[in-house]
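Thanks for coming, everyone. Let me put the model up and walk through a few local features.

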Amino acid sequence: MGARAPGGACTVVVGCQWGDEGKGKVVDVLAGDADVIARYQGGANAGHTVHVGDHHIVLHQVPSGVLHAGKRCLLGNGVVLDVDRFFAELDGLAERGVDPGGRVGVSNRAHVVFPYHKALDAAAEEAARRKIGTTGRGIGPAYESKTGRRGVRVADLLDRVRGVERVGRAIDWARARLRELGADPGLAGTVEDALALAHRLPTVATDVGDELARALAAGGRVLLEGAQGTALDVDHGTYPFVTSSNTTAGAAAVGVGIGPTAIDSVIGVVKAYTTRVGNGPLPTAFDPAMDERIRRLGAEFGATTGRPRRCGWFDAVLAAYSARVNGLTGIAVTKLDVLDTLPELKIATAYRIDGETRSLFPACVRELEQAEPVCETLPGWRTPTTGARSMNDLPANARAYLHRIEELVGTPIAMVSVGTRRSQVIRKW
Ligand code: GDP
């Protein structure tokens with residue numbers, strides 16, 4: 001174990017916009033200092049892209065910390081596990097020379113995503129009048145099963161008899177629901193299909209909360225990794241255009257099975273601009289030409305679905321709200337380099353809604369749809385930042401832009417990322 005980070009022994013990394021903020025890169029950098037890395041929510045709908053050497057690796061479920069040799073990587077109870085994809089990801093890593101053997105564990109309390117959840121996802125999206133824009137990976141239905149107390153957990157599948165009984169009941173329910181939605185009930189699949197890969201679960205099942213508590217008690221360092229972002233949190237996001245779980249830092253303790261008092265610091269990841277994939281309002285959206293330009297410069301296409309992301313200016317109303325909801329102790333600003341060629345930049349400091357200027361992120365999506373951003377304009381730097389390794393290496397206008405973000409968000413910057421590579425980072429601690 002290295003020196004204790006000023007942040008403390010247990011750090012949460014959380015997305016502060018609509019996801020895709022570059023959490024994978026930030027976690028990858030911070031994982032170098034951690035002993036255990038655990039994901040606390042989400043499923044195979046989240047995609048982290050990490051660049052290591054010449055490899056470009058997309059991880060959907062396995063925490064990106066797995067790319068650091070010797071680190072223990074866990075999936076907490078707050079995650080919904082797509083068993084087939086999870087083992088495919090582990091096997092894929094092994095093929096690319098990353099040996100995850102024995103280092104990856106899954107909470108025995110995590111709920112499992114089955115083929116019938118995907119069938120329900122597709123049928124519900126088809127039947128919905130107003131589409132949410134889900135990834136069709138069965139995540140929503142799996143979380144619904146969980147809160148509906150019909151879910152099947154990893155622990156249930158460790159015992160074949162119990163697994164067959166629980167999955168059988170769940171499939172009966174799914175068949176009935178598919179029929180209601182006007183879809184073919186046969187799409188729910190069979191118990192045998194659902195349990196096909198369950199035989200591998202005993203090799204990874206563990207009590208994640210117990211492991212983490214022991215690691216912390218032994219003086220180890222723990223990193224808790226969220227998926228998606230604050231604006232997609234089922235409670236605090238732009239409901240109903242949200243994901244099915246709590247993405248915010250408060251969910252980190254719940255999602256891995258430790259108490260909130262065990263958490264020392266929360267790093268919020270913000271892109272130097274804003275993006276959104278899927279449907280729902282984006283108040284700082286660029287005009288079409290600028291949207292196209294930044295999408296190209298920032299390679300803004302979904303890591304999981306390839307869907308183009310809509311792009312916009314930095315939204316300090318959202319970021320300040322995220323700082324409060326997550327209790328941020330520091331922010332990591334990513335993709336600063338994407339803005340290197342712009343002559344000037346805007347930051348939204350408030351919204352105009354119904355003729356009123358508001359600085360608090362609204363609860364109602366209708367209001368957000370009407371929100372006109374109130375922006376201030378800052379000069380660009382028109383200099384490459386990709387080689388910067390300290391704040392002093394950055395052009396003065398880039399430092400001023402970051403400083404303004406820090407002021408508006410009310411949180412100090414802990415890290416700035418200036419490129420896709422692990423080395424392209426400025427760490428302030
Ligand atoms: P995540 O889900 O929050 O990890 O975000 P994604 O992985 O979907 O998107 C982040 C993308 O941005 C990945 O392709 C990263 O390699 C890339 N990225 C991360 N940080 C930077 C950066 O500082 N500059 C540039 N140009 N790309 C970055």
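What covers the buried residues of α8? This is a predicted model, so keep that in mind. The cover includes the strands β2 (36–39), β5 (72–75), β7 (104–107), β9 (205–206) and β10 (222–225), plus helix α9 (250–256).

Now α8 itself, residues 208–217. Its buried residues are Val 208, Gly 209, Leu 212 and Ala 215. They span an arc of only 130° around the axis, so they lie on the same side of α8. An α-helix has 3.6 residues a turn, so residues three or four places apart point the same way. Turn to the face directed away from the buried side of α8: there you find Arg 214 and Ala 217, both exposed.

Next, a helix pair. Helix α3 (residues 115–127) packs with α6 (residues 160–180) at about 15°, and the axes are 10 Å apart. That makes α3 roughly parallel to α6, because the angle is under 35 degrees. The crossing of α3 past α6 is left-handed. From α3, the contact uses Tyr 116, Ala 119, Leu 120 and Ala 123. From α6, it uses Val 167, Ala 170, Ile 171, Trp 173, Ala 174, Arg 177 and Leu 178. By class, that is 10 nonpolar, no polar and 1 charged.

Last, the backbone. Tyr 239 and Pro 240 are joined by a cis peptide bond, omega about 5°. Pro 240 sits in the loop between β10 and α9.

Two non-glycine residues have a positive phi of about 60°: Asp 20 and Lys 335. Asp 20 is in the loop between β1 and α1. Lys 335 is in the loop between β15 and β16. Asp 20 is partly exposed, at 23% relative accessible area. Lys 335 is partly exposed too, at 22%.

How values were computed:
Residues numbered from 1 in each chain as written. Predicted model: local features only at pLDDT ≥ 70, side-chain atom pairs only at ≥ 80, totals over all residues. Heavy atoms only, no water. Axes fitted to C-alpha atoms, helices over the stretch in contact; angles between N-to-C directions. Helix = DSSP H or I, 4+ residues; strand = E, 2+ residues; numbered from the N terminus. Parallel < 35°, antiparallel > 145°, perpendicular 65-115°, else oblique. Left-handed = near helix turned anticlockwise from the far one by under 90°. Contact = heavy atoms within 4.5 Å. Nonpolar A, V, L, I, M, F, W, Y, C, P; charged D, E, K, R; others polar. Buried < 20%, exposed > 50% of the residue type's maximum accessible area, 1.4 Å probe, protein only. Arc of directions from axis to C-beta.
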